[in-house]
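Work through these exercises with the model open beside you. Try each task before you read its solution.

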Amino acid sequence: MHPQIVQDHPGNCPICGMTLEPKTAMAGSEEDNPELRDMRRRLLVGSALSLPVFIIAMWHIVPGAPDWVQGDLSRWAQFILSTPVVLWCGWPFFKRGWLSLANRSLNMFTLIAMGVGVAYVYSTVVMLTPRIFPVSFQEHGKIGIYFEAAAIITVLVLLGQVVELRARSRTGSAIRALLGLVPTTARVVREQGERDVGLEQVDAGDTLRVRPGEKIPVDGKITDGKTSVDESMITGEPMPVEKRSGDGVTGGTINQTGSFLMTAEKVGADTVLSRIIEMVAQAQRSRAPIQSLADKVAAWFVPAVIAIAALTFVAWSLFGPEPRLAHAIVNAVAVLIIACPCALGLATPMSIMVGVGRGAQEGILIKNAEAMEVIEKVDTLVVDKTGTLTEGKQRLTTIIAFDSLDEKQLLAMAAAVEQQSEHPLGAAIVLGAQQRHVALAKITDFQSRTGGGVSARVDGKNVFVGKLEFLKSQNVTNLEKLESKAADLQAQGQTAIFVAVEKRAAGVLVVSDPIKESTLRAIGDLHKIAIEIIMLTGDNERTARAVAQKLGIDDVEAGVEPQNKTERVRTLREQHHVVAMAGDGINDAPALAAADVGIAMGTGTDVAMESAGITLVKGDLRGIDKAIHLSRATMRNIRQNLFFAFVYNSLGIPIAAGALYPFFGLLLNPMIAGAAMSFSSVSVIVNALRLRSIKL
């Protein structure tokens, strides 16, 4: 509840009294929790001792009950059995209650410790020194004792704690699942041979061998061999990906068919998987702004409850039926117990923890609880084009050959020239030739003009590849045949690269950045939930308009510089829009930070992911629709929890104070108050855990 509290050893939060969570996520099962084991042990002992106390205390209401159940033997048995329940089983609550007073931060354990303590101490004094009480305290010749209330309340609170701790353990299942993907060893290849070492002993630059069926230990690059890799834990795609020398691999993914050597590049906390785990853990520890509402209520609620309990005691002492003091103590204890605000404290953090974990299962990494809360209200989504709407990789899609050359010959000549170029479009042409198994000839006299094109001699012929203006400057003829075709292609959002052989136009190579298969559906889903979509891109107007029209984007601005993206986002916010910005590049980072919530593509740069509140691991825009639905479900869940907690306390306190007694003669037994208090916490926990099964 209070992530600002940090210490170097296990313990309890001085503000709310709850157990501090470890900052570093740990692998293991739900049962590997020392506090849960301790509370369960106390619950078992407390239940075994409290059951006979309850039976003995209640036996007198059974017809035909023996006389001894109301005698001294029965009372001493209750005292002996309930003492270890209260003093040992309930000791953590008294300790936390005392710390709340010492730290001047009253919380739910303040009320529990006071309620149980008053019931037990009063009953003990009655047992040990009954003569100090006046005769008016007696009922049927005996002064009432409430050991069964103190013991049963302690057991019920322990039950609530065990349920809560088990639920909190289950909320960490997403992190444990991620940690389960991390291999524990790696096979290091050194001059003296190969050997398996612990993952912590692997350094960047080490050569590692990965055998079939093994998990890839760290992030790196294949240096020898080829294989197929199951990357579903990162991308969500079930089909294995072919990998060969020079390709990057990610730690935690599974090598399938081949053995290969790799160079370790990112190890330890720097790997993709480790960063994902840390991001999820940080988000589960963070606070949502709505939590401040519960904090404000709790700040005055506990003192107010203590005051109401005191007034209840005074009122029953002065105006209640005989024995007045006994009634006063019972009702004051009932007020303290039923008003315990544990449900209020659990309402927000439980839902946030479950919601963040659920998002991680879907490849939606939420950096903090604030992003979870804000994205619910988003009405405008600003998107970059390259790498966000599109794949971010230029591909050779079409070959148009003229004159005597066929498509394969045209591609062979152009790729031969471009193999010495460093331009991304040239790389796309070379890759296209490789994928089509086109052999590349050796070239001579290579020349490059920045921003224009390249030329070289291929098989004794002068070949020119580049923009239309570049070929015109080289006095290439017959270009008019290609110009109209190129204009049509550019109108469709594609890039035309002209090729000439011996100063005569030979054809056009079409390179494009394909739109992701999921983008069209993602935009349709976002429109269904009334999200306006604006595309800001540095690309040219014609290409940007073509992409926007094809996808049904509401508005588009082309030729936008990175700083202008940031200004545009700020302008939208000033117009009272709640803005989400989705991007993947370094140039998007300022705009991601300026938006109400930034959304980074997991396939993009580290800088973009650091600037964003949400990262989509798969780089799939459909994740935004899922994130909005998750946020809405989580915030709805939190509001339900807060409503349950507020209504419960609003109704429970007057009943516990005796408001129904003048009309119906009904009083709330402290044991019933304890059961109701535990039930309220359990109801909040169960409601929060429903988020684990929501469909996104």
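Two strands pair if DSSP finds at least two bridges between them. Helices (H or I, at least four residues) and strands (E, at least two) are DSSP runs, numbered from the N terminus. This is a predicted model: local features need pLDDT of at least 70, side-chain atom pairs count only at pLDDT 80 or more, and totals for chains, interfaces and linings use all residues. Residues are numbered from 1 along each chain as its sequence is written, and side-chain values use heavy atoms, with hydrogens and water left out.

**Exercise 1. Confidence**

Task: find which element has the lowest mean pLDDT and which the highest.

Solution. 
- pLDDT is the predictor's confidence in each residue, from 0 to 100.
- The mean for the protein is 82, and 88% of its residues reach 70 or more.
- Strand 1 (residues 138-139) has the lowest mean, 62. Strand 13 (residues 380-383) has the highest, 94.

**Exercise 2. Strand 7 and its partners**

Task: say which strands pair with strand 7, and in what sense.

Solution. 
- Start with strand 8 (residues 241-243). Three bridges join strand 7 to strand 8, and the two run antiparallel. Val-229 has Val-241 as its bridge partner there.
- Turn to strand 10 (residues 254-255). Strand 10 pairs with strand 7 over two bridges, again antiparallel. Here Asp-230 stands opposite Ile-254.
- Now look at the side chains of strand 7 (residues 227-230). Thr-227 and Val-229 point one way, while Ser-228 and Asp-230 point the other way. In a regular strand, side chains alternate between the two faces of the sheet.
- All four residues are buried. Buried means under 20% relative accessible area, exposed over 50%, partly exposed in between (1.4 Å probe, protein chains only).

**Exercise 3. Aromatic rings**

Task: classify the pair of Phe-79 and Phe-147 as stacked, edge-to-face or tilted.

Solution. 
- Rings of Phe, Tyr and Trp (its six-membered ring) pair if their centres lie within 6.5 Å. Planes under 30 degrees apart count as stacked, over 60 as edge-to-face and the rest as tilted.
- The structure holds five aromatic pairs. In this one, the centres are 5.4 Å apart and the planes are at 50 degrees, so the pair is tilted.
- Phe-79 lies in helix 2 (residues 72-89) and Phe-147 in helix 5 (residues 147-171), so the pair ties together parts 68 residues apart in sequence.
- Both Phe-79 and Phe-147 are buried.
- Ring pairs also link them with Trp-76 and Tyr-120 into a cluster.

**Exercise 4. The surroundings of Arg-42**

Task: is Arg-42 buried or exposed, and what does it touch?

Solution. 
- Arg-42 is in helix 1 (residues 34-58). Its relative accessibility is 10%, so Arg-42 counts as buried.
- Contact means heavy atoms within 4.5 Å. Leaving out residues up to four places away in sequence, Arg-42 touches Trp-88, Cys-89, Trp-91, Pro-92 and Leu-158.
- The charged end of Arg-42 sits over the ring of Trp-88, 4.7 Å from its centre. The rule: NZ of Lys or CZ of Arg is within 6 Å of the ring centre and within 35 degrees of the ring normal.
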